[in-house]
Amino acid sequence: MLAEQRKLRWLDLGHLTAEELHQSYQALAEARRADDPAFLVLATADAHLSLGAAQAASAELNEAACASIAVLQRPLGGGLVWVEPAHLNYFLLATPDVQCRRPEDLLARLAPSIQAVHAQYGLPVKLAAGQEFRCRGRRIGSTGAATIGKSLVLAGSFLLQTDWHPFVASVAAPSPGFRNTLARALSASLTSWETELGLKLMPSHADLQSTWKAQLLAQGWQIFEEELHASERAAWQQVEWEPMDWQSQGRRRVRNGIKLRAGAFLTEQHWPDAWLRVWTEDGCYREVESDAWPPELSWALAGVAARSPLLASLLDGYLGSSARLWQQRLEELSVWSDQ
C-alpha cells in the first residue's frame, strides 16, 4: 500500500450520547473530501440499542421493554446491536480506491492491528466469517459497514464489559422460553474482555487506545491527531436524527428469530397444535425444543448436521406418523446463514 494511503487521522471524541455517537461518524463521513486521509474515530457512548439501517423496530423489539432504553436506527447495515459505556467504539472512514473498493477490503486493512491489540493482552483472536472477531470460538467483536458521502465507513467495538440482560429483555420474543434460551445462547456464543481476563486484568480505555496506536504505528500506519475543524463541527450540528418510528412495519432481519453471531441463529414458531424452538450453529443443530416432542429427541438432535440422513431417521424413530410434518416445520424454521 502506498505511503499516502497509510496516513490515519486519529480522532478521540470521548464520551457521547447515543445520538451523538451516530451523528459523529455520519457527519465526518459526509464532510470528508475524497483526497483526505483515512479517519479513525473513537468514542464511548451512553447505553442504547442500535438498529441496522434496514431493520424495523416494531419487528425486532418489545416497545414496552424499551421504555427506559434509548433506541436508534444507525445509517450502517447489520443487525441489532447493544452498546454500553464500557465498549470502546471505533469507526474507520476511508475513500474507496483501487485497493479498497468494499467494506471487506477496509476491514482487511484494520484487522491485523485489532488482532495484535487483543494478543498483547493475552487474548487469541481470529477474524471469522469476514466480519467478526472471535476469541476461543466466541465472538468478542463484530463490524458493520456502509458508504456515506464519499467514504467507506467500517464500525466496530472493543467489548470490554457486557451485560446482556437489558438486550434480552428488549428483543421481541414469542415466549418466555425464547428469552431464557436467548440468554443462554448469548452466553455461549459471545464473550467480553472481562469474561476472558477478569476485571483486574482488563485495561482502561486510555491504555487500550495507547496500545492500539502503538500497534498501528508498528504496522506502518502514519498517525496524526487533529481536533475537529469548524466545518466538521458545523456538519455534525446539521445532522438531523429522526425519532424512532414504532409504527413502521417490516420483517425481522432473521425470520422468526435473531442472529446470535455469524452462523448461529435462534428461532421459534407457534402453531395451533404445538411450538418449536431451534438454535442452529455452524451448520448443526445446537438445541431443538418442542412441546410435541419427547426430551430424548431434543437431546438426540444436538450436534446433528443440517442435511444429515440421521435427521430423518431420528424424527421417524421418535415421532412415527407425524415425523414428516415435523421435519418440514423444522427445515422451514431453521436458519443457517444471513438471509
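Predicted model: local features only at pLDDT ≥ 70, side-chain atom pairs only at ≥ 80, totals over all residues.
Residues are numbered from 1 along each chain as its sequence is written, and side-chain values use heavy atoms, with hydrogens and water left out.

By cavity I mean a set of points, on a 1 Å grid over the protein atoms alone, where a 1.4 Å probe fits but cannot get out; lining residues have an atom within 4 Å of a point. Points are joined across faces, edges and corners, and the volume is the space filled by probe spheres set on them. For the largest cavity that's about 30 Å³.

Which residues line the largest cavity? Tyr 90, Ile 114, His 118, Phe 133, Ile 140, Gly 141, Ser 157, Phe 158 and Leu 159. The elements giving two or more residues to that lining are α3 (103–120), β9 (138–148) and β10 (151–158); these are DSSP runs, helices being H or I with at least four residues and strands E with at least two, numbered from the N terminus. By class, the lining has six nonpolar, three polar and no charged residues, with Tyr counted as nonpolar and Gly as polar.

Now, the sheet. Three strands form an open sheet in the order β4-β3-β5, with mixed pairing, where pairing takes at least two DSSP bridges between two strands. At the edges sit β4 (70–73) and β5 (81–83), each pairing on one side only. Strand β3 (residues 48–51) runs parallel to β4 over four bridges, and His 48 stands opposite Ala 70 in β4.

Definitions and conventions: 1 Å grid on protein atoms, 1.4 Å probe; cavity = no way out; pocket = protein on both sides within 12 Å on 5 of 7 lines; lining within 4 Å.
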